[in-house]
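Hello,

Here is the structure you wanted to look at. My notes follow below it.

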Amino acid sequence: MKSINVKLDEKTIVVKKLPLRKYVDLLKVLNKLPEQLSSFTNLPKDEVFAKLPALIADFLPEVVSMLTVATDLTKDEIDEMGLVEVTDVVVAVIEVNRFTEVFEKLKKAVARPAIKS
């Protein structure tokens, strides 16, 4: 999956898989949310999605920054979106970039015992 179409009230946007440099930019924005994001690490996917509206409401500037990095939307376009639309776009960003899968792979890799040469 390289892109997901998200229907907004006034248009449809395409959320694309992020190239590595954009992913790094996204991580810089997400680093501003360490305490909130740490509460997501061991949650099932359904519970993560259930918490998204509260995260968006509490950290609107960071969410707007995240979406301007992760999509082609402008700050003004994001500011005019409703909570459902923003949540749909955030979920699309998570899904198209397979963040859950990446996190699980990294968690397993870190948990493996070190190989001695």
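K75 counts as partly exposed, because its relative accessibility is 49%. The cut-offs are these: buried means under 20% relative accessible area, exposed means over 50%, and partly exposed lies in between (1.4 Å probe, protein chains only). K75 forms a salt bridge with D79, and the closest N and O atoms are 2.6 Å apart. By salt bridge I mean a side-chain nitrogen of Lys or Arg within 4 Å of a carboxyl oxygen of Asp or Glu. Both residues sit in helix α5, four residues apart, about one turn of the helix. D79 is partly exposed too, since its relative accessible area is 36%.

A word on the source: this is a predicted model, in which local features need pLDDT of at least 70 and side-chain atom pairs count only at pLDDT 80 or more, while totals for chains, interfaces and linings use all residues. Residues are numbered from 1 along each chain as its sequence is written, and side-chain values use heavy atoms, with hydrogens and water left out.

**Overall layout**

The chain has seven helices and two strands. Along the sequence they follow the pattern β-β-α-α-α-α-α-α-α. Helices (H or I, at least four residues) and strands (E, at least two) are DSSP runs, numbered from the N terminus. The chain has 117 residues, and 32% of them count as buried.

**Salt bridges**

How many salt bridges does a search of the whole structure find? It finds four. One of them, K75 with D79, is described above.

E77 forms another with K11. Here the closest N and O atoms are 2.6 Å apart. E77 lies in helix α5 (residues 75-79) and K11 in the loop between β1 and β2, so this pair ties together parts that are 66 residues apart in sequence. E77 counts as partly exposed because its relative accessibility is 28%. K11 is also partly exposed, at 36% relative accessibility.

E101 forms a salt bridge with K105. The closest N and O atoms are 3.3 Å apart. Both residues lie in helix α7, four residues apart, about one turn of the helix. E101 is partly exposed, with a relative accessible area of 32%. K105 counts as exposed, because its relative accessibility is 55%.

R98 joins E101 and K105 in a network of salt bridges. R98 is found in the loop between α6 (83-96) and α7. At 44% relative accessibility, R98 counts as partly exposed. Look at its backbone as well: phi of R98 is near 50 degrees, a positive value in a residue other than glycine. Most residues other than glycine have a negative phi.

**Negative patch**

Which residues form the negative surface patch? They are D9, E10, D76 and E80. Patches are made of residues with over 30% relative accessible area and no salt bridge; like charges are joined within 9 Å, and nonpolar side chains (Val, Leu, Ile, Met, Phe, Trp, Tyr) within 5 Å. Accessible areas come from the Shrake-Rupley method with a 1.4 Å probe, and for residues only the protein chains shown count as cover. Lys and Arg count as positive and Asp and Glu as negative; His and the chain ends are not counted. The place of a charge is NZ of Lys, CZ of Arg, CG of Asp or CD of Glu.

D9 is in the loop between β1 (3-7) and β2 (12-16). D9 is exposed, because its relative accessible area is 68%.

**Aromatic pair**

The structure holds one aromatic pair. Y23 and F99 form this pair, which is tilted: 5.5 Å centre to centre, with 40 degrees between the planes. The pair links distant parts of the chain, with Y23 in helix α1 (residues 20-30) and F99 in helix α7 (residues 99-111), 76 residues apart. Rings of Phe, Tyr and Trp (its six-membered ring) pair if their centres lie within 6.5 Å; planes under 30 degrees apart count as stacked, over 60 as edge-to-face and the rest as tilted. Y23 counts as partly exposed, at 23% relative accessibility.

V90 is found in helix α6. Buried or exposed, at a relative accessible area of 5%? V90 is buried. The C-alpha atoms of V90 and V15 are separated by 9.4 Å, and the two residues are 75 residues apart along the chain.

K17 has its place in the loop between β2 and α1. It counts as partly exposed, at 46% relative accessibility.

Best wishes
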